[in-house]
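Q: I have a new model open and would like to learn how to read its features one by one. Could you walk me through it?

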Amino acid sequence: MKKLRKQKNLKLIAATGVTIFSLFAAVTGAFAWFTSLLDFKNSVDGFNVFHDDSQVTTVSCYAIKYDGIYGGRAVEITDGSQRVKMSEYDNIFRDKNINTPLFLRIEIGGFDSSKDLQINIPCTGSYYVENQSYIANKLSNVACAKFAYGLKINGSDVPDTYTLSGDEVVGGNAKTIYEGMRDHASELSGTPFVKNAPIKDSAIQLKLDHEDVYDPDYLIQRDYDEDGDLDDVAVIYVVFDYYDIGTTNLVQDYIDSYEALGLEFSLNFESDIGTMTLKDIEA
């Protein structure tokens, strides 16, 4: 792996990348639509790439979701000024929920290909409302996360070699990437904060094996340090979605906990997803 020539600047870019400042969901209308909103703000405490033993850095980061007109929409979030939201969750016609995931597509460089990649996603909310038996309206009580790489296109697993540029991309590559990520991620198990109610974890820690994520066939080349030479870049995804699998539907559990007591549930899930951190670890 070639030594980065502008390491100081790259570290600054990574350290001031993305903060999940506000992440909440809302229920509106007769069909119980659920939406999630992420408000990204610039902060040195934001989406961090640890540099203590490595040179790994964030090359780019886009939030990608389903778009009813263009099929996919990608919004660059590395400068922290954008607001993006997950697609609605339909609690009645659940077959529509294939398009609820929100993806963070992150290009990273300067990595040590002998180390695994780990992301930590914390939350602060409790499971029950204090001294009550109904579920607190925290997003972490209804959501899960996945950590992935690669696309599934026409039934085959392929590397993500597509390019996104500009503040916002609709259709085209954004649609292809979204559908490829969606179809691949649908085969992966999501990790919820609430794994066995009412037991709840205060953080989700997910890992990608270095032999997989840094497979040469899955790497792309970018001249991100602007030295005239192409560098290896890995494309990874953090996936947020509502947890609805098998007999477990955390959204329905939330609603049922209120209806069982004759209470009205809140139309808003409060933000309690903390700052995500990305680092490489010994394999």
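Predicted model: local features only at pLDDT ≥ 70, side-chain atom pairs only at ≥ 80, totals over all residues.

Q: What caps the N-terminal end of α4?
A: Look for a side-chain atom that approaches a backbone nitrogen there. Asparagine 249 does the capping, with a side-chain oxygen 3.0 Å from the backbone nitrogen of valine 251.

Q: What span should the 14 residues of helix α2 (residues 172-185) have?
A: Here you compare an expected length with the distance between the helix ends. At 1.5 Å a residue, α2 should span 20 Å, and its end C-alpha atoms are 20 Å apart, so the two agree. As for burial, α2 has Ala174, Ile177, Tyr178, Gly180, Met181, Arg182, His184 and Ala185 as its buried residues.

Q: Now the strands. How many strands and helices are there in the protein?
A: The protein has 19 strands and 4 helices.

Q: Which strands does β8 pair with, and in what sense?
A: To answer that, follow the bridges and their direction. β8 runs antiparallel to strand β19 (residues 277-282), to which 6 bridges join it. Within that pairing, isoleucine 119 stands opposite leucine 278. Strand β14 (residues 203-208) also pairs with β8 in the antiparallel sense, over 6 bridges. There, asparagine 120 has glutamine 205 as its bridge partner.

Q: How should I read aromatic pairs, and how many does the structure hold?
A: A pair of aromatic rings is described by the distance of the centres and the angle of the planes. This structure holds 9 such pairs. One of them, phenylalanine 111 with tyrosine 214, is stacked, at 4.2 Å centre to centre and 10° between the planes. This pair links distant parts of the chain, 103 residues apart: phenylalanine 111 is in the loop between β7 (102-109) and β8, and tyrosine 214 is in the loop between α3 (210-213) and β15 (219-222). Both phenylalanine 111 and tyrosine 214 are buried.

Q: Why is the pair of tyrosine 134 and tyrosine 258 tilted?
A: Its planes are at 50°, so the pair is tilted, and the ring centres are 4.9 Å apart. This pair also links distant parts of the chain, with tyrosine 134 in the loop between β8 and β9 (143-148) and tyrosine 258 in helix α4, 124 residues apart. Tyrosine 134 counts as buried at 17% relative accessibility, and tyrosine 258 counts as buried at 6%. Ring pairs also link Tyr134, Tyr254, Tyr258 and Phe265 into a cluster.

Q: Can we finish with a loop residue? Where is valine 56, and is it buried or exposed?
A: For a loop residue, check its place, its cover and its neighbours in space. Valine 56 is in the loop between β3 (48-49) and β4 (57-65). Its relative accessibility is 2%, so valine 56 counts as buried. Glycine 109 is 53 residues from valine 56 in sequence, yet their C-alpha atoms are 5.6 Å apart in space.

Note on methods
Residues numbered from 1 in each chain as written. Heavy atoms only, no water. Helix = DSSP H or I, 4+ residues; strand = E, 2+ residues; numbered from the N terminus. Pairing = 2+ DSSP bridges. Polar contact = N/O pair within 3.5 Å; in protein donor to acceptor, adjacent residues only side chain to side chain. Expected span 1.5 Å × (residues − 1). Buried < 20%, exposed > 50% of the residue type's maximum accessible area, 1.4 Å probe, protein only. Phe/Tyr/Trp six-rings, centres within 6.5 Å; stacked < 30°, edge-to-face > 60°.
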